[in-house]
Every structure is written in C-alpha cells, then in structure tokens.
Amino acid sequence: MNSGGPQRQLPETGRTRHRRLREQGSLDRDRLDAILDAGFLCHLGVTVDGHLLVVPTVYGSDGSSLYFHGSVASRSLVASPGAQVCVTVTHVDGLVLARSVFEHGVNYRSAMIFGTPRQVTDPEEKLAGLRCLTEQAAPGQWDYARRPSRRELAATALLALPLDEASVKIRTGAPDDGEGEDAGLGLWAGVMPLRSVWGDLEPDPLLPAGIGAPAHLTQRVGTAANRAARRQAP
Ligand SMILES: Cc1cc2nc3c(=O)[nH]c(=O)nc-3n(C[C@H](O)[C@H](O)[C@H](O)COP(=O)(O)OP(=O)(O)OC[C@H]3O[C@@H](n4cnc5c(N)ncnc54)[C@H](O)[C@@H]3O)c2cc1C
C-alpha cells in the first residue's frame, strides 16, 4: 500500500481525528489513494433543503480531487457546490466470525472525505474530469466510446471535491477473541472472505455480428473488482 517513499500524511482535523478503534484508523495519503483507486462507487452525503441525502454515485479520482457527475437537474449535485459534504468509499473484504456475536465484525477498507465541492465549468477541465470518472470505472472506455457532445456536456453537471481532508480505516485479520475467555467454547471462528470479481461479458442483444469486445474489457474478466485494477492494467 505504501509506495516505499516517505509516508505522506493527511492533516488531522476535528473531523478526521479517529476516536473509536483508533488502531484501524490512518491518515496515510497512500492508503487513501489505494482505497480510492480500488473503487468507483461512493456515497455522497449532503444536506438538500434541510434534509440529509446520502446518494450512491460513481466517482473518479485524479489524486488531488474527486469528481462526481450527473444530471444538471440532480438535487444533490445542485446543492453540493459551496456546501459541506461527506463522501465515503467502502470495500468489504470479509466477514469476521468470532466465538461471540459481540466480537463479530467486518474486514474492510474505507475512506471518508470531507469538504466543499465546486462546480466545474471550464470546458477542458470538465472533459478531463469526465474522462477521469469514465476511466476509473472502465479503463480504456474513454478512448473507445464516443465522447460527449456539446449538448450532452451542457446536460451534465460535474463537481470537484479536493482530497485535502480525509481519513482512512482498515480492518484485516482474524477475530479478536481467540485469546479471551470465549476461546474455550469449542466454536469455529475465523474469516469468511468476500471477493468481487468481474464476470463474463454479456453482449448487447442488438449487437450486429462481427463486433467483438475490446481487449481492455476482456482482460478484466475474472479479475478482482476492488483492487486498483486500473493501475494494474497493461
Ligand atoms: C463495512 C463496514 C461495516 C462496519 N460496521 C460497523 C458496525 O456494525 N458497528 C460499528 O460500530 N462500526 C462499524 N464500522 C466502523 C464504522 O465505520 C466506524 O468507524 C465506527 O463505528 C466508529 O464510529 P464513530 O461514530 O464512533 O466514529 P468516530 O471514531 O467518532 O469518527 C471520527 C472520525 O474518524 C474517521 N472515521 C470513522 N470511521 C471511519 C471509517 N469507517 N472510514 C474512514 N474514516 C473513518 C472519520 O474522519 C470520522 O469523522 C463498519 C465499517 C465498515 C467499513
């Protein structure tokens, strides 16, 4: 996870200071980048008309900002610029099955990002942000598929959230009650790993004969869906 160089730290703020299970918490910037690189789906929390909305949405990370997009009519995107938001990204790696129900848990990698997004209006930055979003989910598709038209760009809102205030939490390993009183119960305990893997491609039934899937898609079949595939892709 660490690139091997000096550890890059995120600043600790009142919001990002871990309070509970601090040993799982981290402000390591490389860990944040690894979690963001491994996914493309986040939950965007924002207050709209006095109500809290938590919206699942795709993102792209260029290492300094997170980009979100959607319809210009999307209430969460309209409310977000200039407002405080909290974004979470979560990868579940397994169930931690302890001897007691109390000690059950989840192995995971998660990130929380706080800040105030801005609306991206500069046409070049908007295209770059949309490229970042597209490539995050489907590396290679930006150059393969038709790019957005002017009309499509006008109908699309793009927000950029700086990656300046964020925290990470990671749990790995076995249950925590292997050495406690419950160890004598004679119950099985351990981890049930959860792996998300890209499945076989399902061609559009309307696809004319002779159009095969491009290599950047076929190469991903069977690979882990939440392990920074875009960095490992050739
Ligand atoms: C898949 C999954 C399942 C979980 N299930 C449970 C559960 O059932 N019960 C439970 O108590 N906890 C669970 N957690 C952990 C939970 O996310 C919180 O870390 C924990 O509950 C502490 O919450 P708190 O309100 O006391 O946070 P605090 O420790 O007060 O949070 C302070 C700051 O720490 C950082 N922080 C806290 N949690 C996270 C996080 N997950 N990722 C990144 N930064 C974080 C944030 O910056 C936050 O503002 C789960 C986490 C994941 C990813």
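1. The model is a predicted one. The strands concerned, strand 2 and strand 5, run antiparallel and are joined by 4 bridges.

2. Cys86 belongs to strand 5. Is this residue buried, exposed or partly exposed? Cys86 counts as partly exposed because 16 C-beta neighbours lie inside 10 Å, whereas a buried residue would need 20 or more.

3. The contacts of Cys86, once neighbours within four places in sequence are left aside, are Gly45, Met112 and Phe114. Phe40 is 46 residues from Cys86 in sequence, and the C-alpha to C-alpha distance between the two is 16 Å.

4. Strand 2 (residues 41–48) also pairs with strand 3 (residues 51–61), in the antiparallel sense and over 8 bridges. Within this pairing, Leu41 stands opposite Val58 of strand 3. The two strands make a hairpin with 2 residues between them. In the turn, Asp49 has a positive phi of about 50°.

5. Which residues are closest to the ligand? They are Arg19, Tyr108, Ser110, Ser167 and Lys169, out of 16 residues that surround the ligand. Two or more residues of this shell come from each of strand 5 (85–97), strand 6 (105–115) and strand 9 (165–171). Strand 6 gives the most, with 5 residues. By residue class, the shell around the ligand divides into 6 nonpolar, 6 polar and 4 charged.

6. The largest nonpolar core has 31 residues, and Leu66, Tyr67, Ala111 and Leu159 have the most contacts inside it. At least two residues of this core are supplied by each of helix 1 (29–37), strand 2, strand 4 (65–71), strand 5, strand 6, helix 3 (123–137), strand 8 (156–162) and strand 9. Strand 8 holds the largest share of this core, at 5 residues. As general background, nonpolar side chains in soluble globular proteins tend to be buried together.

7. Leu159 deserves a separate entry. Not counting residues up to four places away in sequence, Leu159 touches Tyr67, Phe68, Leu77, Ser80, Pro81, Pro117, Arg118, Gln119 and Val120. Among these, Tyr67 is listed with Leu159 as one of the residues with the most contacts inside the largest nonpolar core.

Notes: Residues are numbered from 1 along each chain as its sequence is written. This is a predicted model: local features need pLDDT of at least 70, side-chain atom pairs count only at pLDDT 80 or more; totals for chains, interfaces and linings use all residues. A residue is near a molecule or strand if its C-beta atom, placed from the backbone, lies within 6 Å of it. Ala, Val, Leu, Ile, Met, Phe, Trp, Tyr, Cys and Pro count as nonpolar, Asp, Glu, Lys and Arg as charged, and the others, Gly among them, as polar. Two strands pair if DSSP finds at least two bridges between them. A residue is buried if 20 or more other C-beta atoms lie within 10 Å of its own, exposed if 12 or fewer, and partly exposed in between; C-beta atoms are placed from the backbone. Two residues are in contact if their C-beta atoms, placed from the backbone, lie within 7 Å. A nonpolar core is a set of buried Ala, Val, Leu, Ile, Met, Phe, Trp, Tyr and Cys residues joined through C-beta atoms within 7 Å.
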